[in-house]
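Dear colleague,

I am passing on the structure below, and I would be glad if you could look through it alongside the notes that follow.

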Amino acid sequence: MKNFATPHGMNRRHFMSHLAGASAMAIPALTMGHTLQTHAQELKRNRKSAIMLWMSGGPSTMDIWDLKPGANTGGEFKPISTSGDVQISEHMPMMAKQMHNAAIIRSMSTSEADHGRGRYYMHTGYKPVLNMEHPSYGAVIAHETFDQRPELEVPPFVTVGGGSEGPGFLGMAWAPFAVNSNGQIRNLQMGMEEHRLMQRMAALDLVEKGFVSQNRGQAAEDHQNILKKTLALMTSEQMKAFRVAEEPQEVQERYGMDSFGKGCLMARRLVEAGVPFIEVDLGGWDMHTDIFNTLSNQRLPVLDRAMSALFEDLEQRGLLEDTAVMWMGEFSRTPRINGNTGRDHWARSWSVVVGGAGMNGGIAVGKTNEDGTRVDTEPYTSQDVMASVCKSLGISLETTFTSKSGRPMKIANSGKVIKELFA
Amino acid sequence: MAERLCSQLLALVALMLATSPLTVLSAPRGPNDFGIPQVAKINEELRKTWDAYELKPSQAATESEWCRRVYLDIIGRIPSVDELQEFTKNRSATKKADLVGKLLYDDKYTEEYARNWTTVWTTVLIGRAGGTERNSLTNREGMQKYLRDGFARNKPYNEMVDELVTATGSNRPGAENFNGAVNFLAMKVNDEKGTQATADTAKIFLGLQVQCTQCHNHPFNDWEQQKFWEFNAFFRQTRALRQFTPGTRDILGSELVDQDFAGEGGTPSDAEIYYELRNGLLKAAYPVFVDETEIGKSGFVNEVNRRDKLGELIQQSEYMDMCVANRYWSHFFGYGFTKPIDDMGPHNPASHPELLEYLGQQVREHSYNLKELIRWITLSEAYSLTSRVTKANEKDDPLLGETPKFTHFYLRQMQAEELYESLLVATRAAETSGSYEAQERSKSQWLSQFVLAFGTDDGGESTTFNGTIPQALMMFNGELIKNATDAKKGSFLWNIANSNMKPQQQIDYLFQAGLARQPTKDELAITYQLFVARATGGGNKKTIDTAAASMAALQDIWWAVLNSNEFIINH
């Protein structure tokens, strides 16, 4: 048998005697992340959450939420009546039964019609600038509610099937946790016994701290923070919230067996687990060609099933009054139908849908003109939607962040609350 | 009881280590320009900014840190222990210049140099997801093969740009008429009148962001809608023809061709295109380059090949020179002279305009040999500085929204590809795996877990290998790290455990391999504790044989090294 490796310069017999007596507890193993649990009861609970349904690519809202039958821009679809005081597209029949829960803001008017810029603007309330990275919705809401949820071990900002936008100057601790809608988190299973992992962590922690102490910049500390969060999550019971497959078959089918349906169902489970912000992505809205066929046969059936299921389920479980739901993309599409039966990028007049968390449902806020090319009432922006959602979640609009350079910035970029939603 | 014994052990270890050599910092000295005028100019221009902002640069990085950095940035992986020691033991005054020269021009490194820059440029040209979509007209392997051949031969940059802009032929290796360069444009010319080809060509090779002007005049820069469509007109003879697998509707590949363009007015000898103003009026446009140079209006390819003309005009533009200088600077420093690097122009002034212009000119004067540009950048004073921030330069923090002044090295995380290659080298796994193509395929497969595609017409995407939880989970529990820490016979760790190195040398070896430094006293102490824990069976109270315990402890240590911030962050 090979001799045990004896440290250089050390008397072998001496070393072995220590070896025999030293227990595995010699290493001050890190404890799993339950440190915040102790003062759980002292804090006021805010159980409110928000779900953003993000329509990547820019959905044509005048074919879904603000139809213009008869106008030369109106396209092929007909409006139908709903359970609210609004009409929507005939290809959204299930959602029509849920419209008492949702409000359509029909007077959105923004100015970013490039995917990257529009995605940033609608997620942050700020236009992209060169010398500043603004925090996105999820990061802001997670940041504002996290302290009130000491029991939460799942990351407070989860994005399903997409990338969302980053935490900006709030730092990597508030970055979105990106998962697939199948509920399987890659590499979650630790490949060794817990005590051994903790001992490895102790050694790792020493290297980490050494590097951080050398004053080399933020990235070193961010890395350390993420390790701690990862460790907490690996051992958390709460991770079962991601397992949509554990839902009864009929519930899964009600949401839809596609990835967006699973994502919406996962969002409900995460709300129940106390996650304050969940984004679910549905892509494929960038319809420069063949838009009516693609909408009626591909996107709208998927959207209609999952979105209506989400509202219905949240309402039935009594969660809707504490959960804000938003539906939006980076912009919408031109009223003019182009030569390829498609619509191009358009930001000047379009719709966003919100509901839940005490916001009025069944209404349309604002109006566009007869062919949808202009907003005829007070125009609303990304900031205004964000301010309204923050209000619905009980987050003060007086909240001010300080960027790393010391610049103060008001939450939601000083957007104004859309009053019809709360009247 | 156990605790008391252990603290005795610790004390012994500490005593024993008190005499071990510590890492020696290079003494600070004035900027060395290695007798290269371009290096002297970079040093001079940066010093001007430091003086103007009353900033003092940090000290030089340690030799090992610099060595690790230069391997990572030039050939895409960290140095092996042998390579590191070869450099640190070298006493020559020109050893830095020699190492850079070796990495750039020694045949031994040609393949790795080409692989690294192929990775970088593939991401620039077709993104991380390009060619992985079902029925894509892009062939990722074709793109990579084209780039790899070019970088292995050190093809002048202007030739590469010309070939990418003007390429015709089939997109997949092995096909008749194969020309991998077509993969840059293959997915970008058919849809939406080639607007994606327009936007990407202007952005990638000229540093001009024009995509917003497709619909309206740009809110920030001088570009107008007219200019966008005039640039777009260069691409309108071009089509990507689909090639199907015989008997199916599955796309096998594509062929990029130039065809006569009749124009939207139906007069091929005067082939105009139309675009719509916001007020609904239609306007006509012909191919006109960004500097107002006009070319013939004919749509007949044999009279005017529009892309050939575009290739010539781009090569004449000084924007091309500055754009590549900016891109390469940003590769080595983490920040370019503008942010983003591919948005240059009066609306977005550069942080060091004179230097940017100078580097662009020098690239042109040196026949677009990018290896020379790399040499100048990596031998500059700024590139040699430590990432440790001092009171005298802590204001220089681009994360605060400040323009970078380069008074210290900015931390940046390895790319996923760099991690992969580094582990192959650090654990010498590459020596036993299959062919180049097979290796590349398994790498691509591993990389795909991090890609998030947005599904938009501009090919928007992001990566989850960005320092967040999915990355940490992969490092903790993923296959790659499991393999790197494997204990089976013949593995990296097995070889170390069974070498004639003493235990402390083994630990030292692991720290050198991962972090290019020796362990500190505290780190050594905790590694001995891991030996103890493994020998006593951890918390299980069962005793295991000492060879196995020793092996297990090495696994623990190597795992901790690989998971550390110091390992993954280029510093």
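At 25% relative accessibility, Asn413(A) counts as partly exposed, a class between buried (under 20% relative accessible area) and exposed (over 50%), with a 1.4 Å probe and protein chains only. Asn413(A) lies in the segment that follows strand 14 (408–410) of chain A, and its phi is positive, about 50°, although the residue is not a glycine. Asp290(A), likewise not a glycine, has a positive phi of about 50°; it sits in the loop between strand 7 (277–282) and helix 9 (291–316) of chain A and is partly exposed, at a relative accessible area of 37%. Helices (H or I, at least four residues) and strands (E, at least two) are DSSP runs, numbered from the N terminus.

Before going further, please note that this is a predicted model, in which local features need pLDDT of at least 70 and side-chain atom pairs count only at pLDDT 80 or more, while totals for chains, interfaces and linings use all residues. Residues are numbered from 1 along each chain as its sequence is written, chains are lettered from A and ligands numbered from 1 in the order in which they are written, and side-chain values use heavy atoms, with hydrogens and water left out.

Chain B has 24 helices and nine strands, and 59% of its 571 residues are buried. Eight of the 11 residues of helix 5 (residues 95–105) of chain B are buried, so this helix is largely enclosed by the rest of the structure; among them are Leu99(B), Val100(B) and Leu103(B). The cover over these buried residues includes helix 3 (63–75), helix 4 (81–89) and helix 6 (107–126) of chain B, where contact means heavy atoms within 4.5 Å.

Helix 8 (residues 157–166) and helix 11 (residues 306–316) of chain B pack at an angle of about 155°, with their axes 8 Å apart; axes are lines fitted to C-alpha atoms, for helices over the stretch in contact, and angles run from 0 to 180 degrees between N-to-C directions. That makes helix 8 of chain B roughly antiparallel to helix 11 of chain B, since angles under 35 degrees count as roughly parallel, over 145 as roughly antiparallel, 65 to 115 as roughly perpendicular and the rest as oblique.

Finally, the peptide bond from Lys339(B) to Pro340(B) is cis, with omega near -10°, and Pro340(B) is placed in the loop between helix 12 (318–333) and helix 13 (353–365) of chain B.

With best regards
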